[in-house]
Every structure is written in C-alpha cells, then in structure tokens.
Amino acid sequence: MKKAITLTVNGDIHELYVETHHSLLDVIRNELGLVGTHRGCDTGNCGACTLHLDGLAMNACLLLAVDYDGSEILTIEGITQNGALHPLQQALVEKGGIQCGFCTPGVVMNTLALLADNPHPSKTEIRARLSGNLCRCTGYVKIVEAIMSVSH
Amino acid sequence: MSSLIGQRIPKLDAPDKATGRATYGHDVRLPGLLHGKILYSAHPHARIVRVDTSRAERLPGVKCVLTAADNAPTRFGYGKDQTPFKSMARSLRDEIAGVVAVDADTAYEALALIQVEYEPLPAIFSIEEALTPDAPLVHSEHGSNLFQTYHYSHGELLRGEAESDVILEASYRLPYVTHACMETSVVVAQFEHGGRLTLWSTTQIPFLLQRDLSEALGIPGSQIRIIQTSIGGAFGRGLDIYPYEPIAALMAIKAGKPVRLAFTRREEFNAGPARQPAEVSLRAGVRRDGRLTFRDVAAVLDIGAYVSWGSVTPLVMMETTASLYKIPHVRFKADCVYTNNLVTGAMRGYGNPQSTFFVETMMDQLAEAVGMDPVEFRLLNANEPNTTTPQGLVITSCGMKECLQAVAAAADRAAKRQGDEAIPEPVTHYQTPIFNAQSSNSNTLKRGIGFATTLNVGGGARIYRSDGCGASVKVDDFGHVTLVTGSTEIGQGSETVLAQIVAEALGVCPEDISVINTDTDVKPWDVGVHASRTTFIAGNAAHLAALDARAQIFETAAEMLGVSPDQLIARNGRIELATPHSPPATIPSLPLSKVVRQRHFREGGTVVIGEGWYDPPTKLVDKATYKGNISAAYGFGAQMAEVEVDTETGQVRVLRLACANDVGRAINPMAVEGQIEGGAQMGLGYALTEELIVENGRVLNPDFHHYRLFTAADMPEIETIIVETDDPGGPFGAKGVGEMGGTPTAAAVANAIYDAIGIRMTELPMTPERVLAAILKKEQVHDRPTL
C-alpha cells in the first residue's frame with residue numbers, strides 16, 4: 001500500500017508516494033538517491049543511517065517514512081556548503097578519523113546534533129554520544145580526537 | 001620541500017567519505033538494475049528432494065528463479081567443495097534457490113513462495129561428534145570429516161622436556177567471531193553484450209576472484225572484469241570467493257539485466273564467514289634460569305561445512321607456536337574438521353590472535369613458575385634481529401625488545417599515577433552499555449596489568465606461488481602523476497601511503513598524484529590485500545615504478561640541460577642539478593611538465609610510464625616440514641593492558657591499553673596508529689565481548705545488539721607507540737602492521753585479569769559470566785569446605 005507524503009530534504013521539497021512499510025532510510029536512499037546515508041544494520045544499532053529529523057539526530061532505519069509527512073530532514077549531502085567541508089568533516093579528514101568511511105556520515109550527523117546542544121562536550125560526553133555509532137576500523141580514537149579538536 | 005616519508009598525510013579518499021560522496025557497493029546504480037535474494041536451507045544437513053519454484057515465478061515483478069539446476073557443472077573454492085546453489089544442504093547457510101525481481105520487497109515475497117522438500121539427515125555440530133568413527137559425513141566424497149592435519153616440529157621434544165625444570169599444561173577454548181564490517185556483503189553483476197561479465201565487488205583479491213569465478217561459472221577469466229567499489233571494511237572477509245558472488249553472476253546472466261545481491265545484517269551474521277572456533281591443548285617447559293625449553297601444541301579447528309582459505313590458519317598458529325620467542329624444541333599439530341556448523345573464513349590475524357592468546361598466557365604462567373618478572377622473562381627469550389628461527393624465518397629488523405620496553409614503561413607510568421585522574425570515567429549513559437554493572441562497593445574492584453607480544457609477517461606472506469604486485473607510474477604534460485597499482489584499498493590507507501612513496505621518489509606533492517586501484521581491466525596483477533603485505537609489497541612495486549619513470553624523465557632533462565642524468569634530482573615538481581651549495585635561484589632546473597612535453601613533442605617521442613613489479617625474495621614453505629622463510633620481513637609488537645575486575649559481577653573493564661609496534665618505518669604515522677587502534681578494538685572484542693553463539697548450526701545472536709562490538713564508550717585509553725627499526729627490504733624501511741594491532745590483546749587482558757584476581761582465563765571471550773564462574777569456582781576450592 002502506498003501513501004503520499006511531503007518531505008523537505010536538504011532544503012528541497014519532495015512530494016513522494018511511498019510504501020507504508022518503507023523506512024525513512026529506504027526512501028532517502030532508494031527514492032531520493034541520497035546514498036550517503038548508509039544502511040549498516042536496519043535495527044538501530046550501528047548508527048550508519050543517522051540523519052537529522054526536525055533537528056534531532058535519528059536512526060533513519062527505525063522510522064517509517066509515512067509517519068514523518070511534512071518533516072524537515074538534513075542528510076550528509078546537505079552538510080557541505082558550496083563544496084567546502086564543514087569544520088567537523090575537515091577535522092575527521094585531517095586527524096585520521098576516517099578509514100573505510102562507512103560509519104562516517106552517521107558519525108558526522110550525530111556529532112553535529114551533539115554540538116548543537118552542547119558546543120563544548122567533554123571527552124566522556126563525546127564517547128557516550130558516539131556509542132550509537134559503531135566503527136570497526138579506527139577504535140574511535142581519532143574520531144574522538146577530531147571532535148575534540150573542533151569543540152575545544 | 002621536506003621528505004614526505006613519515007608525514008601524517010590525510011587519507012586521499014577521506015573527503016569523499018566525509019561528505020557521503022564515496023560509492024560503496026550498495027550505492028551502485030545501473031539502468032535496469034534488478035534485485036536478487038537467496039533462499040537458504042531450513043535444515044543444517046538435508047538432501048534437497050524437490051524445489052518447486054512455479055508459484056514464485058508467477059509473482060508479478062519476478063524476473064527469474066534459480067536453483068542448483070542453474071549451476072555450472074564445476075566446483076569452486078579453496079577446497080573445491082562448493083557449488084553456487086546446493087542440491088545437498090550441509091549448513092543452514094546453504095543456498096537452495098535465488099530470486100531476481102524488480103525490487104527487494106518482491107524478491108522477498110517470492111522467496112516465501114518457493115516450496116522445498118527436504119530429506120533431513122543426521123547433522124554434526126561439534127568436533128567430538130565429527131571425529132567419532134561412525135559420524136555422518138559432511139562431504140561423503142571426502143571419506144572423512146577430518147579435512148586436513150598439519151604436523152610441524154623442530155628440535156627434539158623429549159630433550160626439551162628433559163631440560164625443563166618446570167612443565168605446565170593448559171587447555172583453551174576459542175570462540176566463533178566475525179569481521180562485522182560496517183558494510184554488509186554486496187555484489188552487483190552485469191552481463192554485457194558479447195558475453196563479458198562485470199562485477200562490482202568488495203573483494204580483497206580481485207585477480208584471484210577472476211580465476212575463482214571463472215571456475216565457478218565455467219567462463220574464461222578473460223571474460224570477467226572486477227571493479228572494486230569503496231569497501232566498507234574487509235578484515236579478511238573478502239579473501240575468498242563465496243557462493244553469493246557466482247550466484248549474482250548467474251542471476252545477471254539468466255535475467256539479462258544487471259543484478260544487485262546485498263546481504264542484510266542478519267544474513268551477514270548467518271551466511272558470512274566466521275573465524276574458526278578451536279580447542280587447543282598446550283604443554284610448555286622452562287629452565288630455572290628462565291630459558292624456554294619446549295612448546296607442544298595440539299589444536300582442533302571447526303571449519304564448518306566448507307573449506308576456505310581460512311582453514312589454512314594453522315600455518316600462522318604454527319608460526320606463533322614455533323617462532324614467537326627463541327624456543328629450541330617445538331611440536332605443533334592441528335586438525336581441521338568439517339561439521340554442519342557455520343561456514344568459516346579468513347579473518348584479520350589469520351590464526352595469530354588465537355595462537356598468541358594461548359602462547360602468551362602460558363608465557364605468563366611460566367614466568368611466574370620460575371619467579372621472574374613477566375617483562376624480564378619475555379626480554380630474556382625475545383626474538384632478535386639478524387637471526388633465523390628454527391622454523392626458517394629469517395628475521396632481519398626486529399624491535400621486539402624495544403616494544404616490550406616501551407609498554408613496560410607505560411605500565412610504570414600507570415603505577416606511578418597519582419590518584420585516578422588519568423583513568424577515563426566510566427561512560428554509563430548510552431545505548432547498549434557493556435560496563436554499566438559496576439559494583440558500588442570498591443572493595444570488589446581489583447586492578448591488574450598484563451603483557452603480551454606478537455610476531456606477524458610484515459613483508460608479504462608467500463601463500464601462493466607468487467607474492468607479487470605490479471604498478472605503473474605515468475607522468476603527464478601538466479606534471480600530474482598517476483599511480484596504477486594492483487593493490488586494493490580497504491580503508492587502511494594504502495592509496496595514501498603508496499602516493500607518498502611515489503611522490504617522494506618523483507619530488508612532487510601527494511596532491512599531484514592520482515591513485516587508480518579498482519579495476520582489473522586497468523590495474524596490473526596483485527595477489528590481494530592480506531597478510532599485512534600492501535605497504536611492503538605494493539609499496540616496493542610502486543617505488544620501482546616511480547624510479548623507472550624518474551629515470552625516463554632524467555634522461556630527457558639531462559639532454560635539455562646538457563648534463564649527465566646522475567647529476568639530477570627531482571624536487572618541488574622540478575628536475576634540477578644536484579648542487580647543494582648553490583643559491584636556489586642559480587641552480588639549473590626544469591619543471592617536470594616541460595620535460596614530459598619535450599618527450600611528447602619531439603620526433604620519435606614517447607610517454608613517461610614507469611613500470612614496477614615486486615615479488616619478495618621468499619619461498620613457499622616446504623610441504624612436508626612447513627619450514628621456510630615465508631615473509632621478507634617480520635613485524636613485532638607488545639601490548640600492556642590495565643584492567644579492573646569486579647569480583648562481585650565478573651565484569652572486566654580495560655582501563656588502559658598501551659600498544660607498541662615495530663613497523664620498520666612509519667611512512668604515514670597517522671595511518672599506522674589507525675591500524676593499531678582499530679586492531680585493538682577488534683582485539684578487545686575478541687578478549688571480552690565478541691562471540692557468535694551457535695547452537696545446532698544456528699547463530700543465536702545475529703545482530704549488533706547481541707554480538708557486542710566495543711563502542712566508543714567502552715574503549716579504554718589507548719597509547720600507541722611506534723617503534724622504528726628501518727627494515728632493509730621495505731620501501732623506505734617500512735614493513736607491515738595491518739594485523740598486529742589486535743593480535744596480542746586477548747592475552748594481555750587475560751594476563752592482567754590474572755594479575756588482578758589470580759585466575760587464569762582460558763576461554764574467550766572473558767565475559768562476566770565466565771569470569772564470575774571462575775571466581776566462584778576458585779572460592780569454592782579455596783575457601784569453602786565441600787558439603
């Protein structure tokens with residue numbers, strides 16, 4: 001069964017006709033082709049699909065798209081302005097916080113939401129917040145360092 | 001411009017990954033792309049009597065359904081015991097049928113419409129069952145469930161026993177663990193006009209996969225092109241061909257359209273490869289003066305229903321057993337056993353995390369038995385540079401002692417710490433806490449430190465007849481350099497390290513270099529990314545190619561400047577006369593671009609393309625004795641773990657992990673640290689939290705909620721120490737580091753637990769349940785009279 005919804009994604013308005021059982025992640029990736037938001041587990045554990053829904057960091061795999069008609073969504077593709085990396089992205093690049101990179105968009109989106117609430121989080125607060133973003137490459141060391149470098 | 005070697009150059013592909021622009025396998029979009037799904041067996045061992053696909057085929061949106069009838073008549077894989085679809089199921093992973101449909105939803109719906117009639121057969125789920133004389137056979141044509149046995153020895157065991165003042169023995173149980181790459185397995189197959197097959201793949205072995213697929217599909221390897229996407233983690237997962245790859249190809253051929261076959265996370269846990277669980281017994285001896293006398297290991301590995309390259313991991317277990325520390329008498333035996341359990345494969349460290357766990361916990365016991373400090377004991381027996389082990393490993397550079405001393409110094413710093421200010425506070429307010437069960441009673445919190453070392457191949461590993469890699473370096477008329485390398489980028493940063501090597505040789509910046517490394521139609525041959533070999537092997541190949549290109553450039557520049565080529569150097573994008581004492585403005589020089597243009601534009605001109613091929617001076621191990629120098633260099637490392645054990649809950653919290661690694665020379669220290677820190681995360685999981693719980697061939701915890709990776713909140717403080725020994729064979733002195741980060745971790749943590757509570761843990765992972773059971777057992781033995 002399908003239903004019509006409207007989503008504002010990265011500032012663009014999309015009128016969509018979506019399957020009622022499809023997640024926001026399905027719609028973002030498959031209907032809108034915004035494949036920077038990654039699917040790592042589909043159970044809300046890995047955080048690779050983190051995006052901003054009305055300003056809050058959410059796991060898109062856990063949200064049914066039809067429930068969010070009229071919402072405003074920001075994905076990783078909406079972070080870069082005029083081709084310039086956001087300072088957080090720049091820090092992750094320069095500090096070695098990116099290896100395979102599959103978790104990176106989720107890390108960026110979750111961290112930006114954290115910094116919006118708390119511009120100067122402690123290392124412990126950063127680690128606690130990132131516990132919802134699994135990474136298998138870096139041991140998180142350089143990710144945390146990168147976030148510390150832009151927030152202190 | 002200062003040297004690029006040793007610089008923390010950011011990963012070249014990181015900006016694309018930071019912005020979501022990198023294209024992973026799941027992101028590949030092709031016109032007309034269809035979706036494939038696999039139906040797995042409902043029984044761990046069963047004959048497939050009948051597969052009725054008619055209802056599935058009639059479902060609107062289904063393009064075709066495939067079964068074993070669609071297989072080529074050949075078998076594939078390391079043990080040649082696999083077919084794409086099965087007519088006999090030997091594990092719950094076995095592929096019975098496949099559906100191709102317009103979308104994933106339709107494909108799933110169609111799977112449910114396929115009717116399979118099974119004739120269930122008795123199945124075996126343990127090594128003991130598998131080896132009983134009348135056990136059902138997993139592969140009847142093999143005649144036995146024992147796939148292979150490895151026997152190794154050097155010295156004389158009886159003499160070693162006679163020379164020992166103390167002999168100890170212990171048994172170990174090692175779990176199923178898995179790679180848990182953040183990106184699940186995925187392949188996109190397209191069959192082109194003219195019969196050529198293109199696969200977008202996450203493989204680590206593109207050229208071997210061409211050959212493997214050629215066998216599996218019965219089409220020539222020349223008709224198969226592998227394109228590697230950005231790869232979201234590998235860690236050994238991509239070292240073999242797996243059935244889903246030829247299945248995707250069969251689907252694309254039958255459907256006549258491109259097909260994507262992507263695993264769900266649950267499928268990844270169930271149908272992806274796991275590390276072989278093992279049961280190990282170990283006896284070892286030592287003299288009163290602290291010298292090791294002998295080591296005797298017998299291991300049995302459950303390789304599951306099919307053989308992969310992972311079942312040669314005993315070769316690496318053997319190396320650790322025979323050559324970690326100087327040890328005169330060694331015997332090693334390993335049996336690889338078929339069962340109807342999970343399919344196993346190669347995983348980072350390839351036998352080394354397992355063997356380092358038992359060898360290094362036993363080292364601690366031996367040190368204690370002779371009353372020696374664990375670090376002093378290890379230093380006394382440590383491997384040394386410019387020696388050959390009895391196994392035939394030619395150790396050139398060796399920083400094992402320096403690594404041990406570095407982590408011992410870290411332990412001293414930990415001991416001298418004032419209060420607890422440097423200990424990270426436990427993080428408790430997060431999603432899936434591992435360490436939130438801390439007792440409030442500090443009397444139950446016991447601290448300890450433990451050490452372990454590691455030896456790992458660092459200059460390739462001659463597993464195949466060639467351990468080579470090819471490279472070419474093109475310089476264009478803008479001075480831009482293109483490195484085409486056979487090697488594969490899996491996130492480790494090889495493309496950046498190789499660019500640094502080439503840039504250094506040509507006197508340009510890394511930004512002036514493009515690295516092409518993803519297409520078998522373009523890149524020269526390479527064995528694959530495994531065995532910590534890429535920096536050493538692909539690095540030497542890239543360096544040779546760059547030197548070849550530079551010689552061509554120097555030849556032309558020498559003519560233009562009227563000097564001899566050997567008077568020239570490449571620096572700052574220019575070719576200049578080597579006159580170190582002249583003021584820069586007066587030195588005759590030419591821009592690189594101008595020299596290349598001169599070659600292009602003259603009569604009989606030519607391009608600048610340098611070639612490199614490097615195959616290290618090593619040998620395949622002797623087939624009977626397993627002796628020989630398998631690698632051109634060996635990496636060493638040591639770790640110190642500081643833990644806190646809660647004796648009320650059995651909870652082990654790692655407070656600090658110091659990791660020292662001898663990497664020869666760190667071409668990019670940031671990338672080296674990244675390998676060690678990431679390896680430590682995997683090693684900590686192996687030590688404490690990660691285990692696939694398997695019952696009757698079924699994974700009971702196929703999700704991240706129950707298969708526990710260390711999160712950012714769980715990680716201890718990690719101190720990463722790079723030891724440089726300037727390896728004589730490595731590019732600019734470098735050797736490999738990719739696998740060493742997690743190899744000694746479980747042993748270091750186990751030794752720290754012993755230091756804290758006096759209990760030797762011999763089963764991994766050391767979960768609260770297991771630690772608590774061991775504590776209660778000890779209390780029963782020591783404190784309470786038997787009722």
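Reader: At roughly what angle do the axes of α10(B) and helix α17 (residues 745–757) of chain B cross?
Author: This is a predicted model, in which local features need pLDDT of at least 70, side-chain atom pairs count only at pLDDT 80 or more, and totals for chains, interfaces and linings use all residues. Residues are numbered from 1 along each chain as its sequence is written, while chains are lettered from A and ligands numbered from 1 in the order in which they are written. Helices (DSSP runs of H or I, at least four residues) and strands (runs of E, at least two) are numbered from the N terminus. The axes (lines fitted to C-alpha atoms, for helices over the stretch in contact, with angles from 0 to 180 degrees between N-to-C directions) come within 8 Å, and α10(B) and α17(B) cross at roughly 30°.

Reader: What is the handedness of the crossing of α10(B) and α17(B)?
Author: The angle makes α10(B) roughly parallel to α17(B); under 35 degrees counts as roughly parallel, over 145 as roughly antiparallel, 65 to 115 as roughly perpendicular and the rest as oblique. A crossing is left-handed if the near helix is turned anticlockwise from the far one by less than a right angle, and right-handed if clockwise. For α10(B) and α17(B) the crossing is right-handed.

Reader: How do the residues of the contact of α10(B) with α17(B) divide by class?
Author: Contact here means C-beta atoms, placed from the backbone, within 7 Å. On the α10(B) side are residues including Phe357(B) and Glu360(B), which meet a set in α17(B) that includes Ala750(B) and Tyr754(B). Ala, Val, Leu, Ile, Met, Phe, Trp, Tyr, Cys and Pro count as nonpolar, Asp, Glu, Lys and Arg as charged, and the others, Gly among them, as polar. The division is 6 nonpolar, 3 polar and 2 charged.

Reader: Which strands stand at the edges of the open sheet in chain B, each with a single partner strand?
Author: The sheet has 5 strands in the order β7-β15-β14-β13-β8 (chain B), with mixed pairing; strands pair if DSSP finds at least two bridges between them. One side of each edge strand is left without a neighbour in the sheet, because the strands with a single partner are β7(B) and β8(B).

Reader: Which helix packs on the sheet, touching β8 and β13 of chain B?
Author: β8(B) is joined by 9 bridges to β13(B) (residues 278–286), and the two run antiparallel. Leu174(B) stands opposite Ala278(B) in β13(B). The helix makes about 150° with the direction of β8(B), spans residues 352–369 and is α10(B).

Reader: How far apart are the axes of α13(B) and α14(B)?
Author: α13(B) (residues 494–506) packs against α14(B) (residues 534–561) at about 30°. That makes α13(B) roughly parallel to α14(B), and the crossing is right-handed. The axes are apart by 9 Å.

Reader: How many residues of β26(B) are buried?
Author: Buried means 20 or more other C-beta atoms within 10 Å of the residue's own, exposed 12 or fewer, and partly exposed in between, with C-beta atoms placed from the backbone. Tyr634(B) and Glu642(B) are among those pointing one way, Gly635(B) and Val643(B) among those pointing the other, and all are buried. For β26(B) (residues 634–646), the count is 13 of 13.

Reader: Which residue takes a positive phi in the hairpin of β26(B) and β27(B)?
Author: β26(B) and β27(B) (residues 652–662) pair in the antiparallel sense over 10 bridges. Between the strands lie 5 residues, and the positive phi, near 80°, belongs to Gly650(B).

How values were computed: Contact = placed C-beta atoms within 7 Å.
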